[in-house]
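Here is a short note for a colleague who is opening this model for the first time. Please keep the structure in view while going through the points.

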Amino acid sequence: MNDIINVHTITKDYKIYIGEDILDELRSFVERSDYSDKSALVTNSTVYPLYGEKVERVLKDRFKVFTYILPDGEEYKNIHEFIKIVDFLAENNLDRRSPLFALGGGVVGDIAGFAAATFLRGIPLIHIPTTLLAQVDSSIGGKVAVNHKRGKNLIGAFYQPDAVFSGIDFLYTLPDREWRGALAEVIKYGVIQDEELFSYMEKNTEKILHRDRQAMLYIVKKSILNKANIVQRDEREKDIRRILNFGHTLAHALEKMGEYKTCRHGEAVAVGMVFASLLSWKLNICEKQVYERIKNILQSFSLPVHIPSKFETDDIYDAMRWDKKAVSNKLRFVLTENIGKVKIVTVLEPQIIGEAIDKMKE
Ligand SMILES: NC(=O)c1ccc[n+]([C@@H]2O[C@H](COP(=O)([O-])OP(=O)(O)OC[C@H]3O[C@@H](n4cnc5c(N)ncnc54)[C@H](O)[C@@H]3O)[C@@H](O)[C@H]2O)c1
Ligand SMILES: [Zn+2]
């Protein structure tokens, strides 16, 4: 059984298909489409052996398919690999109505999406996300990008797909660390606007950790609804979309200081959410119990809740001030009033932030 979520944006309305028979859904989508008869499949060297041929088989009944396989890794989400994809599209004479299917995690979705956004000023893009993070986060909202040596996602665009196919069956082959890391983002949706999702995760931790089918369907669908709801209201990250950055100010600082190598993004977000809720409690924005619930749920999914002691408090503070999303270097945090309710607060007292950082150290 598949669920369909309709997304309305300024530039496009499209559907996100979620469920178990996702390739059947993809088949009927391409059969009824009015695309031209050439398509590109962009994936990577890990995902292709797992699912590449299955997807090609579906597409080949409708198109001539040109498959491009990226090396696996965030370090390949760069302008050089982007150019190679564009070369490949040009050499195979893809035209304005040739769709590009991005099969993989957030890295593939972001770089292939940026190629689709720019080649011939934009060709149809279809996301087939295969990681939990890509299904609940990166495939929704239309952000596509590559990294630059001066920063992550520095070159990019807003470009909405024609459709998204989130098959939960892809998720069984994910390494455990990828699965748990992305759960931090799911918990984030609970804190920022979905108390029901948060409580469900508290009560069904074991099922979720063991990737029980019903539990997976529930959390993937709920997360997509949450993110779609936010980005529909604010496509270009001006206002409400900022609440998606809950836990991310500290997370970005930690990732940068560890040069993106020491931890997964979701792990940094877990630490960042504990920090944000500690700050909320210390500033009397929430009760202590809210902070404790957030910390406990993250621990029950074996996610980190401390800042590694090797990082100096002053360095963390400075790194947070230089975060790309910080406005004019003022430290603005998404803080929590309760589970399911957050607000954006400018914190002017460096001392309170410093104390909270110190309290977070292992
Ligand atoms: N566009 C956005 O709005 C947005 C939002 C959040 C994150 N991102 C970006 O997403 C990226 C991270 O995405 P990610 O966490 O999916 O990482 P990823 O794409 O690197 O995937 C993680 C690992 O899992 C492998 N993999 C993918 N699918 C698999 C499967 N089904 N089974 C087994 N292995 C599989 C990948 O090859 C990779 O080794 C970052 O570049 C980040 O900047 C973008
Ligand atoms: Zn994130």
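1. A word on angles comes before the helix packing. Axes are lines fitted to C-alpha atoms, for helices over the stretch in contact, and angles run from 0 to 180 degrees between N-to-C directions. Helices (H or I, at least four residues) and strands (E, at least two) are DSSP runs, numbered from the N terminus. With that, helix H6 (residues 176-193) packs against helix H11 (residues 265-282) at about 40°, their axes 6 Å apart.

2. Some ground rules. The model is predicted, so local features need pLDDT of at least 70 and side-chain atom pairs count only at pLDDT 80 or more, while totals for chains, interfaces and linings use all residues. Residues are numbered from 1 along each chain as its sequence is written, and chains are lettered from A and ligands numbered from 1 in the order in which they are written.

3. Back to the helix pair. H6 and H11 cross in a left-handed way (the near helix is turned anticlockwise from the far one by less than a right angle; clockwise would be right-handed). Contact means C-beta atoms, placed from the backbone, within 7 Å. On the H6 side, the residues that meet H11 include Gly181, Leu183 and Val191. On the H11 side, Val269, Ala270 and Met273 are among them. The contact of H6 with H11 divides into 7 nonpolar, 3 polar and 3 charged residues. Here Ala, Val, Leu, Ile, Met, Phe, Trp, Tyr, Cys and Pro count as nonpolar, Asp, Glu, Lys and Arg as charged, and the others, Gly among them, as polar.

4. The chain has domain 1 (2-173) and domain 2 (176-360); such bounds come from an automatic or database domain assignment. Their centres, taken over C-alpha atoms, are separated by 27 Å. Domain 1 gives 24 residues to the contact and domain 2 gives 22. On the side of domain 1, strand E1 (2-8), strand E2 (13-19), helix H5 (132-138) and strand E8 (151-158) each give two or more residues. H5 has the largest share, 5 residues. This side holds 13 nonpolar, 8 polar and 3 charged residues.

5. Now the open sheet. Its 7 strands run in the order E1-E2-E9-E6-E5-E3-E4, with mixed pairing. E1 and strand E4 (64-70) are at the edges with a single partner strand each, so one side of each has no neighbour in the sheet. The twist averages 15° from one strand to the next. Strands pair if DSSP finds at least two bridges between them. Strand E3 (residues 38-44) and strand E5 (residues 100-104) are parallel, with 3 bridges; Leu41 has Phe101 in E5 as its bridge partner. H2 packs on the sheet, and its direction makes about 165° with that of E3. H4 packs there too, at about 165° to E5.

6. Two hairpins deserve a look. Strand E7 (residues 143-148) and E8 are antiparallel, joined by 5 bridges, with 2 residues between them. Strand E10 (residues 332-338) and strand E11 (residues 341-346) are antiparallel over 6 bridges. Their turn includes Gly340, which has a positive phi of about 100°.

7. What surrounds ligand 1? The shell has 27 residues, and the closest are Thr46, Gly105, Gly106, Thr131 and Ser138 (near means a C-beta atom, placed from the backbone, within 6 Å). Helix H2 (47-60), helix H4 (106-118), H5 and E8 each supply at least two residues. By class, the shell has 8 nonpolar, 11 polar and 8 charged residues.

Definitions and conventions:
Contact = placed C-beta atoms within 7 Å.
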